[in-house]
Amino acid sequence: MNTTKFKVGWIGLGKMGIPMAKQILKAGYPLRVYNRSSEKNKKLETEGATTAENIRELIKETEVIFIMVSDNKAVREVFEHENGIFSTEIANKIFINSSTIAPELSVEISEKIENMGGFYLDAPVSGSVKQAEEMTLVSIVGGSQKIFEKTEALLKTYSKKAVYVGENGVGNSAKLAVNTYLGIVTQGLAEIIQFAKTKNVNTEDLLEIINNSALGSTFVKIKGEAAIKENYEAAFTLAHLTKDLRLAKESGFDKPLGNTTYKTFSDAEVALGEEDVISIIKKL
């Protein structure tokens with residue numbers, strides 16, 4: 001394979017998949033896409049992508065295949081469906097799974113792909129839609145270091161940094177740690193905004209103080225502004241964060257702050273699942 005001219009396949013064109021795939025196109029890679037809802041394929045066709053009729057066709061015509069879907073169930077569907085990845089010849093193909101899933105599932109998939117002669121990286125990303133559009137995601141990569149090095153330039157088409165963290169599954173474990181921290185920070189921000197209001201502290205003033213102190217961050221700035229405007233349109237849904245907190249717990253996370261955060265988000269999921277994570281402020 002020519003590492004500068006990979007034929008790239010992309011499976012999953014959701015909120016994150018579309019802007020990430022667009023960056024690959026902008027970097028000059030030929031791209032073939034597949035999504036269960038064919039309407040979303042058209043958004044990439046206008047950018048120069050071609051559409052595959054099914055997963056098997058996509059794999060046949062590409063060398064590196066990205067998967068960006070919502071959860072364990074969706075990933076299993078992509079790989080294990082009767083016309084999915086495991087149903088066809090995959091020798092020498094590279095699969096990069098950017099979905100946030102259980103580390104144990106990544107290990108299971110990687111072992112089967114290796115037995116079939118292919119290669120697998122788990123490469124979830126830290127960041128949301130805005131970062132995908134601005135090419136400032138961080139890719140967190142587990143798997144063969146040799147395959148990581150071969151595909152690093154491709155990962156960097158949509159990432160400001162690609163961090164290799166170890167063997168298969170470790171990328172997903174690191175992502176779950178990051179998103180558990182994100183949940184803790186989100187709940188903490190919501191709680192102190194609520195507390196400050198009870199003491200007649202203006203939320204704009206509170207956030208000006210925080211964002212000009214050592215505690216300031218891009219995340220706090222963005223979510224603080226959303227809280228002020230009561231803008232709960234999802235960049236990252238509360239349901240998806242709850243799913244990640246659940247995966248961390250199922251993978252062995254058992255600490256006081258994370259457990260409390262998981263309970264708060266889990267209790268809010270039915271009512272607020274499709275809203276942004278900062279909508280948790282409405283449940284506190």
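How many of the seven residues of β8 are buried? Six of the seven are buried, so strand β8 is mostly covered. Buried means under 20% relative accessible area, exposed means over 50%, and partly exposed lies in between (1.4 Å probe, protein chains only).

## Basis of the model

This is a predicted model: local features need pLDDT of at least 70, side-chain atom pairs count only at pLDDT 80 or more, and totals for chains, interfaces and linings use all residues. Residues are numbered from 1 along each chain as its sequence is written, and side-chain values use heavy atoms, with hydrogens and water left out.

Helices (H or I, at least four residues) and strands (E, at least two) are DSSP runs, numbered from the N terminus. Two strands pair if DSSP finds at least two bridges between them.

## Strand β8 and its partners

Strand β8 covers residues 137-143. Strand β9 covers residues 159-166. The two pair in the parallel sense over six bridges. The chain gets from β8 to β9 through helix α7 (residues 145-155), and this β-α-β crossover is right-handed. Right-handed has a set meaning: with the strands pointing away from the viewer, the path from the first strand over the helix to the second runs clockwise. Valine 141 has tyrosine 164 of β9 as its bridge partner. Serine 139 is bridged to alanine 162 in β9.

β8 also has antiparallel partners. Strand β7 (residues 125-126) joins β8 through two bridges and runs antiparallel to β8. There, valine 125 has serine 139 as its bridge partner. Aspartate 122 stands opposite glycine 142 of β8.

Which way do the side chains of β5 point? Ile94 and Ile96 point one way from the strand (residues 94-97), Phe95 and Asn97 point the other way, and all are buried.

Strand β4 (residues 64-67) runs parallel to β5, joined by four bridges. Phenylalanine 66 pairs with isoleucine 96 of β5. Helix α4 (residues 72-80) carries the chain from β4 to β5 in a right-handed β-α-β crossover. β5 is in turn joined to strand β6 (residues 119-122) by four bridges, again in parallel. Isoleucine 96 has leucine 121 of β6 as its bridge partner. The chain passes from β5 through helix α5 (residues 103-115) to β6, and this β-α-β crossover is right-handed.

## Two asparagines with positive phi

Most residues other than glycine have a negative phi, and most peptide bonds are trans. Asparagine 92 has a positive phi, near 70°. Asparagine 92 sits in the loop between α4 and β5.

Asparagine 200 also has a positive phi, about 65°. Its place is the loop between α8 (170-198) and α9 (203-211). The relative accessible area of asparagine 200 is 74%, so the residue is exposed.

## Threonine 264 in helix α12

Threonine 264 lies in helix α12 (residues 256-272). Its relative accessibility is 16%, so threonine 264 counts as buried.

A polar contact of 3.1 Å links the side chains of threonine 264 and glutamine 187. A polar contact is a pair of N or O atoms within 3.5 Å; within protein, one must be able to donate a hydrogen and the other to accept it, and residues adjacent in sequence count only if both atoms are side-chain atoms. Leaving out residues up to four places away in sequence, threonine 264 touches Gln187, Ile280 and Leu284. Contact means heavy atoms within 4.5 Å.

## One cavity

The structure holds one cavity of 30 Å³ or more. The volume of the largest cavity is about 30 Å³. A cavity is a set of points, on a 1 Å grid over the protein atoms alone, where a 1.4 Å probe fits but cannot get out; lining residues have an atom within 4 Å of a point. Grid points are joined across faces, edges and corners, and a volume is the space filled by probe spheres set on the points.

The lining of the largest cavity includes Thr180, Leu245, Phe253 and Tyr262. α11 (238-250) and α12 each supply at least two residues of that lining.

Note on methods: 1 Å grid on protein atoms, 1.4 Å probe; cavity = no way out; pocket = protein on both sides within 12 Å on 5 of 7 lines; lining within 4 Å.
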